Structures are given as C-alpha cells and as structure tokens.
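Thanks for asking me to look this one over.

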Amino acid sequence: MTNQPIDRFKSQVFHILSEIPKGECIAYGELAKLAGFPGYARQVGSLMKNLPKDTKLPWHRVINAQRRISFAENTDGYLRQKEKLENEGWVIVGNKLTINENSIKK
C-alpha cells in the first residue's frame, strides 16, 4: 500500500473502532472487512499493537476470531486488555471471552 491507501485504511479502521459500543467486541478480520479491506486482519492487529497506551480508542474491544485475547497470558498487554474487558462485564477464562454478564437479563 502506498501512503494514501495506508492513511485511508487507518482512518477507516479507527472510525469503525471508535463506534464499537461498550460491552461489545469485534474480531480483527471483521474490523478489516468493515473498513473495506478484507483480508487485512494482521494489519489491523499491527495498528492496535502500535496505538499509544493513552489512546482513547477502545482497542481492547478487538479480539481474535476464536474470541480470545491475542496477547500471551500474563503479559502487560494481556493484563491491560483483560482488565478493560472485565470492567465492561466480560468473563474471561484463560484468554477466552466467555460471556458478558451485562448482557444477561436478570
């Protein structure tokens, strides 16, 4: 990709990411597809990995297609993502998101 398509890709990914509601998650490939770049899941992952730690974008809502956190367990990135997801109601076993307690009707 040249600079213009790269900028368009980033812009589209960040726009869609900013619209993901609290308590919901999206897979890297799904985000790439919605941005108009099917097959660019790895590039989405690279964008998420390189965001500044103080970003306001909800990067933590992006998970892999198996509904798992992609960071290795107990790394800084894993612990940060797990904490943010748990704060939004997700129950995580190992690195897999199981249910969102906030979506269960009581």
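1. Let me begin with Trp59, which is buried, with a relative accessible area of 7%. Buried here stands for under 20% relative accessible area, exposed for over 50%, and partly exposed for what lies in between, using a 1.4 Å probe and protein chains only. Phe71, by contrast, is partly exposed at 31%.

2. A word on the source: this is a predicted model, in which local features need pLDDT of at least 70, side-chain atom pairs count only at pLDDT 80 or more, and totals for chains, interfaces and linings use all residues. Residues are numbered from 1 along each chain as its sequence is written, and side-chain values use heavy atoms, with hydrogens and water left out.

3. How many aromatic pairs does the count come to? There are four, where rings of Phe, Tyr and Trp (its six-membered ring) pair if their centres lie within 6.5 Å; planes under 30 degrees apart are stacked, over 60 edge-to-face, and the rest tilted. The rings of Phe9 and Phe37 sit 5.0 Å apart, centre to centre, with planes at 80°, so this pair is edge-to-face. It links distant parts of the chain, with Phe9 in helix 1 and Phe37 in the loop between helix 2 and helix 3, 28 residues apart. Helices (H or I, at least four residues) and strands (E, at least two) are DSSP runs, numbered from the N terminus.

4. Phe9 is buried at 4% relative accessible area, and Phe37 is buried at 9%. Trp59 and Phe71 also form an edge-to-face pair, with 6.5 Å between centres and 85° between planes. Ring pairs join Phe9, Phe37 and Tyr40 into a cluster.

5. Next, the largest nonpolar core. It has 18 residues, of which Phe9, Val13, Leu17, Leu31, Val44, Met48 and Val62 touch the most other members. Such a core is a set of buried Ala, Val, Leu, Ile, Met, Phe, Trp, Tyr and Cys residues joined through side-chain atoms within 4.5 Å. Two or more residues come from each of helix 1 (3–18), helix 2 (28–34) and helix 3 (41–49). Helix 1 gives the most, with four residues. Apart from this core lies another, of eight residues, including Ile63, Tyr78, Trp90 and Ile92.

6. Helix 1 deserves a look of its own. Its buried residues are Phe9, Val13, Ile16 and Leu17. They cover an arc of only 105° around the axis, which puts them on the same side of helix 1; the arc is that of the directions from the helix axis to the C-beta atoms. On the other side, Asn3 and Gln4 are exposed. The buried residues of helix 1 pack against helix 2, helix 3 and strand 2, with contact taken as heavy atoms within 4.5 Å. Val13, for one, touches Leu31, Ala35, Val44, Leu47 and Met48, not counting residues up to four places away in sequence.

7. Finally, the strands. Strand 3 (residues 90–93) has Trp90 and Ile92 on its covered face and Val91 and Val93 on its uncovered one. Strand 3 pairs with strand 4 (residues 96–100) in the antiparallel sense over four bridges; pairing takes at least two DSSP bridges between the strands. Val91 stands opposite Ile99 in strand 4. The two strands form a hairpin with two residues between them, and Gly94 in the turn has a positive phi of about 70°.
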